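Here is a short briefing to read alongside the structure. Have a look at the overall fold, then follow along as we turn to a pair of side chains.

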Amino acid sequence: MSAEGFFITFEGGEGSGKTTQINRLSRILTDNGRRVITTREPGGTSEGEKIRSLLVQREGGNWSAMAELLLLFAARTMHVEKIIRPALENGDIVISDRFTDSTRAYQGYGRGLEIDIVEQVNTLVLGDFKPDMTIILDVPPETGLGRSKRRLASEKFAEEGACEDRFEQLEIDFHRCLRQGFLEIAQSEPERCRIIDATDTEDNVAAQILALIKDRF
Ligand code: TMP
């Protein structure tokens with residue numbers, strides 16, 4: 001748990017609208033005089049961004065699930081030590097686009113790694129550090145992947161292989177499993193996790209998120 005600040009994570013499958021909602025929430029909190037740091041995983045530090053390229057780009061490599069897990073936690077430990085913990089100690093609100101729940105959902109439920117192994121590595125690397133609040137944007141994979149593919153098509157990549165769609169390219173069953181994973185994580189930690197129906201309009205989703213945040217502050 002954070003010492004003084006507040007650590008919020010956004011989670012969900014592909015095309016769930018996390019980035020848009022994080023930007024909206026960050027703007028509202030900043031307008032209300034709060035210091036907000038927005039960040040993302042994998043990434044958040046220059047080292048973590050290098051690992052991100054390996055993991056999410058089409059030509060990043062054919063990593064096994066265990067290798068993905070270790071790369072993700074290598075990036076995560078740098079992220080927590082260099083960015084997240086110092087900001088929380090400074091009293092800031094930190095909003096991260098994904099964190100360990102994504103590893104539980106993608107590498108565990110999606111790629112089939114035992115959840116217990118994910119938990120063991122998590123405890124080894126982070127101890128009992130975890131988000132104060134997690135917002136899971138839930139969307140059926142068919143809808144989310146459609147949105148995500150449209151976004152990727154509109155983005156310009158210097159090279160074809162740099163396109164960040166390594167996970168989008170996996171079959172629909174993978175995405176169904178990880179959606180189920182997020183729902184089960186939320187059920188097992190109802191205090192920390194809230195699920196929001198992300199098929200609703202952008203404004204309605206933003207309003208629901210704001211209601212949750214107001215409740216907690
Ligand atoms: P995104 O920032 O567009 O959501 O892309 C990040 C990708 O990385 C996404 O496909 C999910 C994947 N990912 C994992 O598989 N495990 C993780 O722990 C994290 C943080 C991300």
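A residue is called buried when its relative accessible area is under 20%. By that cut-off, buried residues account for 48% of the 217 residues in the chain. Please keep in mind that this is a predicted model.

**Overall fold**
- The chain has eight helices and five strands.
- Going along the sequence, these elements follow the pattern β-α-β-α-α-β-α-α-β-α-α-β-α.
- Among contacts between residues at least 6 apart in sequence, 79% join residues at least 24 apart.

**Size and surface**
- How does the radius of gyration of the chain sit against that of a compact globule? A compact globule of 217 residues would have a radius of gyration near 17 Å, and the chain has 16 Å, so the value agrees.
- Along the principal axes, the C-alpha atoms fill a box of roughly 45 × 40 × 35 Å.
- The chain exposes about 10500 Å², and 50% of that area is supplied by carbon and sulfur atoms.
- On the charge side, there are 28 positive and 37 negative charges, and their mean positions are 3 Å apart.

**His79**
- You will find His79 in helix H3, which covers residues 65-89.
- Is His79 buried or exposed? His79 counts as buried because its relative accessibility is 0%.
- The side chain of His79 makes a polar contact with the side chain of Thr39, at 2.7 Å.
- Leaving aside residues up to four places away in sequence, His79 touches Thr39, Arg40, Glu41, Gly43, Gly44, Thr45, Ile84 and Ser96.

**Arg76**
- Arg76 is also part of helix H3.
- With a relative accessibility of 1%, Arg76 counts as buried, because the cut-off for that label is under 20%.
- Which side chain does the side chain of Arg76 meet in a polar contact at 3.5 Å? The partner is the side chain of Thr100.
- Beyond residues up to four places away in sequence, Arg76 touches Glu41, Phe99, Thr100, Thr103 and Leu126.

**Putting the two residues together**
- Helix H3 holds both His79 and Arg76.
- Glu41 is one of the residues that His79 touches, and Glu41 is also among those touched by Arg76.
- For polar contacts between side chains, look at Thr39 for His79 and at Thr100 for Arg76.

Note on methods
Residues numbered from 1 in each chain as written. Predicted model: local features only at pLDDT ≥ 70, side-chain atom pairs only at ≥ 80, totals over all residues. Heavy atoms only, no water. Helix = DSSP H or I, 4+ residues; strand = E, 2+ residues; numbered from the N terminus. Buried < 20%, exposed > 50% of the residue type's maximum accessible area, 1.4 Å probe, protein only. Polar contact = N/O pair within 3.5 Å; in protein donor to acceptor, adjacent residues only side chain to side chain. Contact = heavy atoms within 4.5 Å. Rg over C-alpha atoms; globule rule 2.2 N^0.38 Å. Areas by Shrake-Rupley, 256 points an atom, 1.4 Å probe, with all protein chains shown as cover. Lys, Arg positive; Asp, Glu negative; His and termini not counted. Charge placed at Lys NZ, Arg CZ, Asp CG, Glu CD.
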